[in-house]
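Q: Please walk me through this structure, feature by feature. I want to learn how to read each one.

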Amino acid sequence: MIVPSAAQMMEWIETVVAEGVRRPGYRADDRVAEWAAGLFTDFGLEDVRLPPVELEAWHPVGATLRAHLDADPAMVVEVAAFALPYTMEKARVTAPLARTPEPGAIVVRECALGRLPQSLLREAATSFYDPEGVFDELEQILPMDLDAMAGLRATIEAGAAGFVGAFSGMPWESRDHYVPYDAVRRPIPAVWLSRDDSRALLALMSRGPCTATLGVEAEVRPAVSRNVTGVLPGRSDQWVIIGSHHDAPWASAVEDASGVALVLAAARYWSQVPSEQRPHNLLFLLTAGHMAHAAGTRAFIAANRDLLGKVVLQLHLEHAALRCEVVDGALVPTADPEPRWWFTTQDPPLEKLVHDTLVAEDLRRSFVVRPDLFDPMPLTDGAFFFPEKVPLVHFLAAPMYLFDSADTVDKVDQAALEPLTRAAVRIVLGTDGWTRSPAAR
């Protein structure tokens, strides 16, 4: 099985990253969609389209926090901040600082990235592939504080004047935390602080009551982005959809330039296979607006609901990621992959197909998990296929830098690009003869 080389896929990833910040509605993201559509056409895909996706684009300009000790106004902490996406666009509020939600206060919530022992996940998984035996000891640092959004919600409900997420527990120095990305408008100014700035603010607050001025400036405006689709006919009247998303919080390489490259590699491979050897019709999908509540996936489903009844598999490919360590305050990639999650519909033949594929391609540190293990839907851009009852296999890794500007090209798991592509091909081949009826398998 000859798939595009890792060097070719890295060239595609570098092309995407070079466009710059690819948030929904940004011109850089539009250019990536147009470029990917051009490659689909060059590969010989049919019916290549760029259907529009309406969404709200969020453009941050700046944010600051200036706090002083009430008993000694000369004791000041003044720092730059990063506004939470889709929170109040323009504001300047002065109010007392509080550690718990209080009416009229600027609430400071101490934050740290979540941690997940892999032994715990192994117990919940359908199956796993761990030939090194590392899951007994390995702990994964997740890319968000799992309770922060509950804290923000409580702050809003209390009638507070503002919210400060103080990431004192961040493993490296950064305020570039693009969370939440559900595109929900929230009615108060809210910001993230970096680790060192958080510690300085918390130290000031430990000395006594403080007052702060929180200023944010951003803009939310309607925009039209584009999905990218292309088709290769196969020998059955059933369909497989192979997808990922093309937008990102920053100029991100893992999130999800790597997913774009994996979809392009699958499209390139199958374009060189005669149609009579393709087990089903293949639809390749690169969606817009993942960082705006999966707007592109939702738009695709709404426009193609009649097709879904003939989809035997929706395969989503996201985040070929290296695990990082923190060395002298900086993120340093290791040679090991971040643990891989394969959200798979609970259908025994499909679950066995995925597990056998992981072993065949030696995709170590992998878990096969049910789609709703962590949430009512899988934690992927393709999540909205799940309530439509489309059979799915969604690959995703969640490194700690996923939503940060630290997501750079050196963190892509280059060694996994070809095995992941071959795995995607194997899984599609494994559906040969399948229909939407489980009895047919």
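**Reading the model**

A: Start with Asp 413, which sits in the loop between strand S21 (392-397) and H10. Helices (H or I, at least four residues) and strands (E, at least two) are DSSP runs, numbered from the N terminus. This is a predicted model, where local features need pLDDT of at least 70, side-chain atom pairs count only at pLDDT 80 or more, and totals for chains, interfaces and linings use all residues. Residues are numbered from 1 along each chain as its sequence is written, and side-chain values use heavy atoms, with hydrogens and water left out.

Q: Is Asp 413 buried or exposed?
A: Buried means under 20% relative accessible area, exposed over 50%, partly exposed in between (1.4 Å probe, protein chains only). Asp 413 has a relative accessible area of 5%, so Asp 413 is buried.

Q: Which residues does Asp 413 touch, not counting residues up to four places away in sequence?
A: Contact means heavy atoms within 4.5 Å. On that basis, Asp 413 touches Ala 320, Ala 321, Leu 322, Pro 337 and Arg 340.

Q: How many helices and strands are there in the protein?
A: The protein has 10 helices and 21 strands. Of its 441 residues, 59% count as buried.

Q: What is the radius of gyration of the protein, and what would a compact globule have?
A: The radius of gyration is taken over C-alpha atoms, and the globule rule is 2.2 Å times the number of residues to the power 0.38. For 441 residues a compact globule would come out near 22 Å; the protein has 23 Å, which agrees. Along its principal axes, the C-alpha trace spans about 80 × 45 × 40 Å.

Q: What share of contacts join residues at least 24 apart?
A: Take the contacts between residues at least 6 apart in sequence. In this protein, 82% of them join residues at least 24 apart.

Q: Where does Leu 313 lie, and what is it in contact with?
A: Leu 313 is in strand S16 (residues 311-318). Its relative accessibility is 0%, so Leu 313 counts as buried. Leaving aside neighbours within four places in sequence, its contacts include Trp 239, Val 240, Ile 241, Leu 350, Pro 391 and Ile 427.

Q: Which residues of helix H4 are buried, and why do they line one face?
A: In H4 (residues 148-157), the buried residues are Ala 148, Gly 151, Leu 152 and Thr 155. Seen down the axis, they fall within an arc of 100°, so they line one face of the helix. The arc is that of the directions from the helix axis to the C-beta atoms. Their cover includes strand S6 (106-110), strand S10 (162-166) and strand S11 (190-193). Just after H4, Gly 159 takes a positive phi of about 80°.

Q: What do the buried residues of H7 pack against?
A: First, the residues themselves. Ala 295, Gly 296, Thr 297, Phe 300 and Ile 301 are buried in helix H7 (residues 295-303). They pack against strands S2 (52-69), S13 (228-232), S14 (239-245) and S15 (281-287), and against helix H8 (305-308).

Q: At what angle do H9 and H10 pack?
A: Axes are lines fitted to C-alpha atoms, for helices over the stretch in contact, and angles run from 0 to 180 degrees between N-to-C directions. Helix H9 (residues 348-360) and helix H10 (residues 414-430) pack at about 145°, with their axes 10 Å apart. Leu 353, Val 354, Thr 357 and Ala 360 of H9 make the contact with Ala 423, Arg 426, Ile 427 and Gly 430 of H10.

Q: What is phi of Asp 328, and what is phi of Arg 365?
A: Asp 328 has a positive phi of about 55° although it is not a glycine. Asp 328 lies in the loop between strand S17 (322-327) and strand S18 (330-337). At 81% relative accessibility, Asp 328 counts as exposed. Arg 365 has phi near 60°, also positive in a residue other than glycine. Arg 365 is in the loop between H9 and strand S20 (366-369). At 6% relative accessibility, Arg 365 counts as buried.
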